[in-house]
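Have a look at the sequence and the structure below.

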Amino acid sequence: MRVGVVTFPGSLDDRDAARAVRLAGAEPVSLWHADRAPLMVDAVILPGGFSYGDYLRAGAIARFSPVMEQVAAAARAGVPVLGICNGFQVLCEAHLLPGALIRNRHLHFRNRDQWIRIESTRTAWTGEFQAGQEVLIPIKSGEGCYVADEATLDELEATGRVVARYVGGNPNGSARDIAAISNETGNVVGIMPHPEHAVEALTGPSTDGLAFFTSLVKHLAGAPA
Amino acid sequence: MTTSTQGDVVDTVEHAEATPEVTQPYAELGLLEDEYVRIREILGRRPTRSELAMYAIMWSEHCSYKSSRMHLRQFAQKAPPSDRLLAGMGENAGVVRVSDDLAVTFKIESHNHPSFIEPYQGAATGVGGIVRDILAMGARPVAVMDSLRFGAPEDPDTARVVTGVVAGIGGYGNCLGLPNIGGEVAFDPSYQGNPLVNALCLGVMPIRQMQRKAVTGPGNIILLLGARTGRDGIGGVSVLASATFTEEAEERRPSVQVGDPFTGKLLIEACQEMYAADLVVAVQDLGGAGLTCALSETAAAGGTGMDVRLEKVPLREPSMAPHEILASESQERMLLVVAPQHLERVKKIADKWGVPATSIGVVTDTGRLVVTWHGQRVADVPPASLADEGPVYARPMREPADLVLLRADRAETLPRPRDGAALRAQVLRVVSSPDLCDRTWVTEQYDRYVMGNTVLAQPENAGVVRLDETTGLSVALSVDGNGRYCRLDPYTGAQLALAEAYRNVAVTGATPVAVTNCLNFGSPEDPGVMWQFAEAVRGLADGCEALGVPVTGGNVSFYNSTGTAAINPTPVVGVLGILQDAARRVPMGLRENGDVLILLGETREELSGSQWAWVVHGHLGGTPPEVDLAAERRLADLIARANQVGHLRSTHDLSEGGLAQALAEACLRYGSGAVIAVPDEFRDDPAVLLFSESSARVLVSVPRGREVAFVGLCNEMGVPWTPLGVVTGPDTPLEVADLFQIPLDELRRSWSATLPRLFGSGPAPEGPADGDGGDGGDGEHGTDSGDRDGADTAGAAGTGRDSADSGAGAADAAASASSPATGGSASRSGASGAKRRKRRRPRGRKG
C-alpha cells in the first residue's frame with residue numbers, strides 16, 4: 001500500500017506526513033513537485049508548509065506545479081487525496097475542493113491544540129471515526145479561515161461534505177466552524193488542523209490523528225483493486 | 001571631501017599607491033585614528049575605498065570583539081574537560097557529540113538593535129542569521145528558541161516592539177519549518193529604547209557530516225549560494241551593532257536587513273544534500289559584515305589566499321559599487337568552497353532547489369585576499385589582518401558608583417503580609433505580572449509541532465527535541481537570564497542565569513553537557529558597563545567550571561543603551577542537556593490526585609531582586625540570592641537518579657516568583673489543584689516561603705507510596721527536602737492551608753489575561769460581526785497540550801472550564817457569546833501598531 005507525499009519547495013510537514021503513513025502501516029513514497037510521471041501510488045497527501053513561500057496566495061503557485069496535473073487526474077479518478085493545511089489551500093486553488101482559505105480573522109498565526117468534531121465518516125480518510133466524535137489535533141496556520149459563498153456552504157452541509165468542525169472555540173474565524181471538507185465522492189479531503197502531528201503520545205497532544213491514516217489503510221484494503 | 005575616494009572612479013590598489021595623501025573618511029566608518037594608521041602599516045599604503053570598508057566592518061566591535069576578547073578567554077581557560085566537544089569557540093557554533101554517530105550544534109545570538117528600529121524584520125533576520133550559523137556547521141537546524149526583553153509593558157511603544165518582534169520570529173521560523181520550543185519574555189524599563197532579541201538555534205548532524213570554515217586547496221572554486229546581493233543591511237554591524245542609538249535611529253532603517261524565509265528554507269535543503277554527498281570543502285554563512293567576513297574568515301582559517309571577481313556576484317541593484325557589495329548584509333546567502341570536479345553536481349543540487357549558485361572566484365596559495373572588479377584590483381589584503389588581527393582593547397573598568405547604595409537598599413526590609421487575604425492578593429498579582437504570566441499569547445504565534453520531534457515545549461521547564469525515533473535519544477535546552485539580578489551583582493547574576501538554565505535542563509531528566517551565551521550590555525566605553533561585563537564573564541566562566549559544563553560559543557552585544565542609560569546587564573545563558581530516552585522525560589504539571597508534593601533545596605529569606613519586590617513594591621535593590629553550584633549539581637544528580645527509578649511524576653524549577661509561581665504553573669498545566677501546609681519555620685513569615693527566590697530549589701510531585709524511598713535518596717545524596725502537601729486533582733483549588741485558597745479558574749483567568757490585555761488579541765474583525773461567532777474565540781488563550789479544556793478560555797468568564805472534560809459544546813456557545821468582550825479587547829489592539837511609533841527614552845529605573 002503506497003501513499004505518496006508531495007514535496008513542494010517550502011513544504012514543511014512532508015516528513016511528518018510520511019511518518020504518520022508509516023505508523024498507520026502503509027508505505028510512504030516521496031513525490032517531487034517537478035515530476036510529471038504517473039504517480040504509481042494508492043493515495044496522495046499534500047502536506048503542510050509554505051509551498052513556494054506562499055507567494056501571491058497560499059497554494060496559488062503550487063497548484064500549477066507539474067505534479068499537480070497527475071494529482072488532479074488521480075483525484076478525479078477516485079484516488080484518495082488528503083490536503084493538510086497548506087495542502088488544503090492547494091486543493092482549493094486547484095478547484096478540487098470548493099471555497100478558499102484566507103487570513104485568520106485575528107491576523108495572527110495560531111498554533112494550539114484544537115478540538116474538532118468529525119461530522120462525516122463517509123470519506124476515504126475518516127471511516128475509522130465515529131460520527132460526532134470529538135478529537136484533539138494541533139492547528140498551526142496563519143491563513144486557515146475557510147470561506148465560501150452561502151450557496152456553496154449550504155450545499156456542503158446538505159450533502160454531508162463538511163468533514164470536521166471546530167469545537168471549543170473557532171481558532172481562525174472559519175465559516176460555520178468548518179475545519180475540513182470533502183469533494184462529492186469523498187476521496188478528496190482538505191483539513192486545516194494537522195492530524196499528522198497527533199500520531200504519537202510522546203510528541204502530540206493526543207494520538208487522535210492516527211485514525212485519519214488508518215482509515216485510509218482500511219479504505220484501500222476494502223477498495224476493489 | 002577629496003575627490004578620488006568619493007567619486008565614481010573605482011579606487012584601485014594602484015590608485016591608492018599613487019595617491020597616498022588622499023583624506024579618507026575612516027572616522028565616519030567608525031575607525032579610530034590609531035586603527036587607521038595600523039591599516040596603513042599592514043598594507044604599506046593607504047587602503048582603497050573597498051579595503052577601508054572591509055577593515056571598518058571587520059574591526060567593528062561586533063565582528064572583532066575588541067573590547068570583550070580579553071575577557072572571553074576565560075571561557076576557554078576555565079573550561080572543564082569534555083570528551084564531547086567536537087568544535088568550540090571560534091567556529092560558527094560549538095558542536096557536541098551526543099552519540100557514537102550523532103552530534104548537535106547550538107548557539108544563541110542577538111539581534112537587538114535592528115529589532116528596535118524595525119521589529120518584524122529585525123527579529124525575523126535574527127532567526128535567519130542564527131539558523132545559517134547552525135547550517136554552516138553541517139547540521140540540519142531542528143529547533144529554535146528565543147529570549148526576549150522589552151521595555152515597560154504599559155509604555156505605548158512597547159506594544160509596537162512586542163507585536164512586531166513576536167510576529168517576526170514566528171513569520172520566519174514558521175516558514176522555515178523549525179519548531180520553536182521555548183524561551184523567555186521579560187519586561188523592564190531599562191529595555192525601553194533597546195529591546196533584547198536573542199535567538200537560539202539547535203542543529204543535528206551525523207558526525208562525519210560536520211563542516212568547517214577553513215578553506216583549503218588552491219584551485220578550488222568559491223561559490224555564492226542563495227539570494228542576490230542588495231543594498232540592505234550595509235553597515236549593519238558597524239552602524240547598528242557597534243554604536244549607541246541616537247535620535248537619528250529612525251534614519252537607520254535602511255541598515256536593517258530584510259528576510260526571505262522561503263529562500264532560507266531552500267538554502268537549508270540544498271546544503272543538506274550537498275553535505276550528505278560530501279561535496280563541500282568549506283562553508284560559511286553570510287551574516288554580519290556579509291561577503292567581507294565570509295571571505296576573510298574562511299581564508300584566514302585555512303591560511304590560503306583567494307582571487308575573487310566581484311562583478312560575478314548576482315546583484316539586486318546593478319548600480320552597486322564594489323565596497324557596497326563587500327559590505328552588504330543581504331540575507332539567505334552562503335559561501336561554499338568546492339573542488340572543480342564537484343562543481344557540476346553542486347550546481348545540479350542548487351538547481352533542483354531553485355537556489356542560484358554562482359562561482360565568484362578561486363582559492364589561491366598567495367595568502368592574499370585579492371578582490372577585482374571588472375579586472376581592476378580593488379582590494380589586496382592579508383585575510384588574517386581582517387579576521388583575526390583586529391585591535392584588542394583593555395577598556396577601563398570601574399564599579400558603578402551607585403551600586404553601593406543600591407545594594408544597601410535591601411528588599412528584605414520591605415513590609416511582608418502575614419494574613420491570608422493579603423498573601424492571596426499578592427500571589428495573584430505576582431503570578432499575573434507581565435514577567436510571570438501566561439506566555440500563550442506569544443507561543444501561539446510559533447509552530448512548535450513541525451518536524452514531529454517536539455517532546456516538551458514552552459511552558460515546560462525546558463524544550464526537549466527527539467533526535468532518534470528508534471532509540472528516543474533527545475536533547476533538552478533552556479535559555480535563561482535575569483537583568484535585575486545582574487544589575488545588583490553581575491558576577492552572581494550571571495551564575496544565577498547559568499544555574500537556572502542548568503536546573504531547567506536537569507529537571508526534565510536530562511544531563512547538562514554544554515553552554516552557549518549571549519552577553520547583552522551597554523557601551524564598553526563606559527567603565528561601569530565594562531566592569532559589569534567583566535564581572536559577568538568571570539562569574540559565568542567560574543560557574544561553568546564548577547558545574548562541569550563548557551562554554552561552546554556565544555555572542556556579545558554591546559552598546560545596548562539609548563543616550564547614556566545602559567540596559568540592565570543581561571547575560572543570557574543557554575544550557576544543552578542529553579536525555580537518553582525521551583520516554584523518560586519528566587513534565588512539569590501536577591497530574592495525579594494524591595501525589596505527594598516535596599520542595600527540594602533550602603528556602604532562605606532572599607527577596608532582593610525578586611519579582612515580589614518588583615511587582616508589589618516597585619523595588620530593585622539589595623543583593624541577589626546566593627548561588628550554590630555544588631548544591632545545583634547535587635540536585636541535578638538526585639533528579640537523574642530518582643527519575644531512573646520512577647520516583648518523579650513531575651518536577652518544576654523554582655526561580656522568579658519563587659514557590660508561589662512554581663505552584664501556580666504546576667497546577668495550571670493540567671488543571672489540577674493542590675493543598676500545601678506551611679512548614680513550621682515559615683509559620684510566622686509565610687511570604688518568605690511563597691516569594692523567596694533562593695536558588696537550587698525544585699518542586700516535585702512523587703507518586704504516593706514512593707515518598708519514603710524518595711526522601712531516603714534525598715538524604716543519601718545530601719539534598720535538603722521539605723514535605724509540602726498533596727496534589728488534589730481536577731476541580732480543586734490551589735490551597736495554602738490556614739491561609740487562603742484560589743480556585744484554578746480564577747487563577748487561570750488572572751494569569752492568562754495579562755498579555756492579551758496589554759498587546760491585544762488581534763485587529764478587530766473586518767466588517768460587522770456576522771453572527772457566526774467565528775472570531776469570538778480569539779481573545780484569550782487556553783493552556784497547553786493535553787489539557788482537555790485548554791483549547792479556548794475565550795469568554796470563559798461564565799464557564800469555569802477547568803475540569804478535564806467540560807463540554808466543548810458549552811464552549812462553542814461561550815465563544816459566540818463572548819463577541820462583545822472580544823470586540824472590546826480587539827479595539828484596544830486596533831490602536832496599537834503603526835500609530836505607536838514614537839520612540840521613548842528609557843525612564844528612570846524603579847526603586
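Nine bridges join strand E4 (residues 140-150) of chain B to strand E6 (residues 196-206) of chain B, and the two run antiparallel. Strands here are DSSP runs of E with at least two residues, helices are runs of H or I with at least four, and both are numbered from the N terminus. Two strands pair if DSSP finds at least two bridges between them. One bridge sets B:Val144 against B:Cys201 in E6(B).

This is a predicted model, in which local features need pLDDT of at least 70 and side-chain atom pairs count only at pLDDT 80 or more, while totals for chains, interfaces and linings use all residues. Residues are numbered from 1 along each chain as its sequence is written, and chains are lettered from A and ligands numbered from 1 in the order in which they are written.

**The sheet of chain B**

Six strands of chain B form an open, mixed sheet in the order E1-E2-E3-E6-E4-E5. Its edges are E1 (85-87) and E5 (180-187), which each pair on one side only. Neighbouring strands are turned by 20 degrees against each other on average, direction ignored. Helix H9 (residues 156-176) of chain B lies across E4, E5 and E6 of chain B, at about 180 degrees to E4(B). Such angles run from 0 to 180 degrees between N-to-C directions, with axes fitted to C-alpha atoms, for helices over the stretch in contact.

**A strand pair in chain A**

Strand E6 (residues 110-118) of chain A is joined to E7(A) by eight bridges, and the two run antiparallel. A:Arg117 stands opposite A:Glu134 in E7(A).

**Buried elements**

A residue is buried if 20 or more other C-beta atoms, placed from the backbone, lie within 10 Å of its own.

| Element | Buried residues |
|---|---|
| Strand E7 (residues 134-141) of chain A | seven of its eight |

**Two packed helices**

The axes of helix H11 (residues 261-276) and helix H14 (residues 343-352), both of chain B, come within 9 Å and cross at roughly 150 degrees. That makes H11(B) roughly antiparallel to H14(B), a term for angles over 145 degrees. Which residues make the contact? B:Ala270, B:Glu273 and B:Met274 of H11(B) meet B:Val346, B:Ile349 and B:Ala350 of H14(B). Contact means C-beta atoms, placed from the backbone, within 7 Å. Five of these residues are nonpolar, none is polar and one is charged. Ala, Val, Leu, Ile, Met, Phe, Trp, Tyr, Cys and Pro count as nonpolar, Asp, Glu, Lys and Arg as charged, and the others, Gly among them, as polar.

Note on methods
Two residues are in contact if their C-beta atoms, placed from the backbone, lie within 7 Å. Angles under 35 degrees count as roughly parallel, over 145 as roughly antiparallel, 65 to 115 as roughly perpendicular and the rest as oblique. A residue is buried if 20 or more other C-beta atoms lie within 10 Å of its own, exposed if 12 or fewer, and partly exposed in between; C-beta atoms are placed from the backbone.
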